[in-house]
Amino acid sequence: MVKRGRFITIEGTEGVGKSTNLVFVQRWIEAAGHKVTVTREPGGTPLAEQVRELLLAKRDESVDPTAELLLVFAARAQHLNRVIKPALARGEWVLCDRFTDATFAYQGSGRGLDTQLIANLEQQVQGDVRPDLTLVLDIEPEVGLARASARAELDRFEQESLAFFQRVRQGYRQRIKAAPERYALIDAGQTLDAVQGDIERVLASML
């Protein structure tokens with residue numbers, strides 16, 4: 001019987017360095033002798049990537065928060081059943097740029113949607129699938145937004161107010177407080193070497 005792989009997610013507000021550190025974690029897992037599937041949310045399959053484009057595109061029409069939430073979970077259902085669960089069943093490790101913690105932080109804390117609604121959708125779509133470890137890269141939102149602005153044109157989410165991202169950051173912290181055994185809070189304001197040193201220590205101790 002194939003041993004189920006591990007499921008690791010990387011979270012954080014804009015400009016925290018998720019992409020750079022995703023590559024670092026991928027290399028660490030591979031060096032430890034595991035095959036790894038690297039993916040992202042929203043996205044991860046052709047259909048889910050199309051939903052991602054819908055979610056991120058700047059538009060004149062305001063997007064209803066509940067519509068946004070349902071799009072996120074529609075993409076997640078496709079991603080989970082076509083990519084994540086099959087990879088875990090093959091014994092591969094899955095490394096995902098954002099997952100449901102982002103939904104609680106962005107649509108829950110950021111948009112003000114009922115977290116019980118999100119929890120109900122989480123259970124309906126995911127069943128018992130949860131990450132084994134979530135690395136939360138944390139930085140002052142104004143610093144992260146400045147980084148994001150410097151690298152590329154901002155998408156619909158990145159154009160939100162500073163107050164929105166402060167709520168999102170608080171949402172992540174509430175998630176950590178509720179289940180500290182699954183999370184590692186990483187200070188993303190440090191040098192890259194220091195950030196990756198902290199990540200490596202977490203991976204070595206928890207996995």
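Just after helix H4, Gly 112 takes a positive phi of about 85°. The model is a predicted one, in which local features need pLDDT of at least 70 and side-chain atom pairs count only at pLDDT 80 or more, while totals for chains, interfaces and linings use all residues. Residues are numbered from 1 along each chain as its sequence is written, and side-chain values use heavy atoms, with hydrogens and water left out. Helices (H or I, at least four residues) and strands (E, at least two) are DSSP runs, numbered from the N terminus.

- The buried residues of H4 are Thr 100, Asp 101, Ala 102, Thr 103, Phe 104, Ala 105, Tyr 106, Gln 107, Gly 108 and Gly 110.
- Their cover includes E1, H3, H5, E4, H7 and strand E5 (183-187), where contact means heavy atoms within 4.5 Å.

- H4 and H5 pack at an angle of about 155° with their axes 10 Å apart, the axes being lines fitted to C-alpha atoms, for helices over the stretch in contact, and the angles running from 0 to 180 degrees between N-to-C directions.
- That angle makes H4 roughly antiparallel to H5, on a scale where angles under 35 degrees count as roughly parallel, over 145 as roughly antiparallel, 65 to 115 as roughly perpendicular and the rest as oblique.
- The crossing of H4 and H5 is right-handed, a term that applies if the near helix is turned clockwise from the far one by less than a right angle, whereas anticlockwise is left-handed.
- On the H4 side this contact is made by Thr 100, Thr 103, Phe 104, Gln 107 and Gly 108, and on the H5 side by Thr 115, Ile 118, Ala 119, Glu 122 and Gln 126.
- The residues of the contact of H4 with H5 divide into three nonpolar, six polar and one charged, with Ala, Val, Leu, Ile, Met, Phe, Trp, Tyr, Cys and Pro counted as nonpolar, Asp, Glu, Lys and Arg as charged, and the others, Gly among them, as polar.
- H3 and H4 pack at an angle of about 175° with their axes 11 Å apart, and are therefore roughly antiparallel to each other.
- Here Glu 68, Leu 69, Val 72, Phe 73 and Arg 76 of H3 meet Thr 100, Thr 103 and Gln 107 of H4, a contact of three nonpolar, three polar and two charged residues.

**Salt bridges**

- The count comes to 15 salt bridges, each defined as a side-chain nitrogen of Lys or Arg within 4 Å of a carboxyl oxygen of Asp or Glu.
- Arg 76 forms a salt bridge with Glu 41, the closest N and O atoms being 2.6 Å apart; Arg 76 lies in helix H3 (residues 65-89) and Glu 41 in the loop between strand E2 (36-40) and helix H2 (46-56), so the pair ties together parts 35 residues apart in sequence.
- Arg 76 is buried at a relative accessible area of 2%, and Glu 41 is buried at 5%.
- Asp 138 and Arg 169 meet in a salt bridge (2.9 Å, N to O), which links strand E4 to helix H7 (residues 162-178) across 31 residues.
- Both Asp 138 and Arg 169 are buried, and salt bridges that share partners join Asp 138, Glu 140, Arg 169 and Arg 173 into one network.

How values were computed:
Buried means under 20% relative accessible area, exposed over 50%, partly exposed in between (1.4 Å probe, protein chains only).
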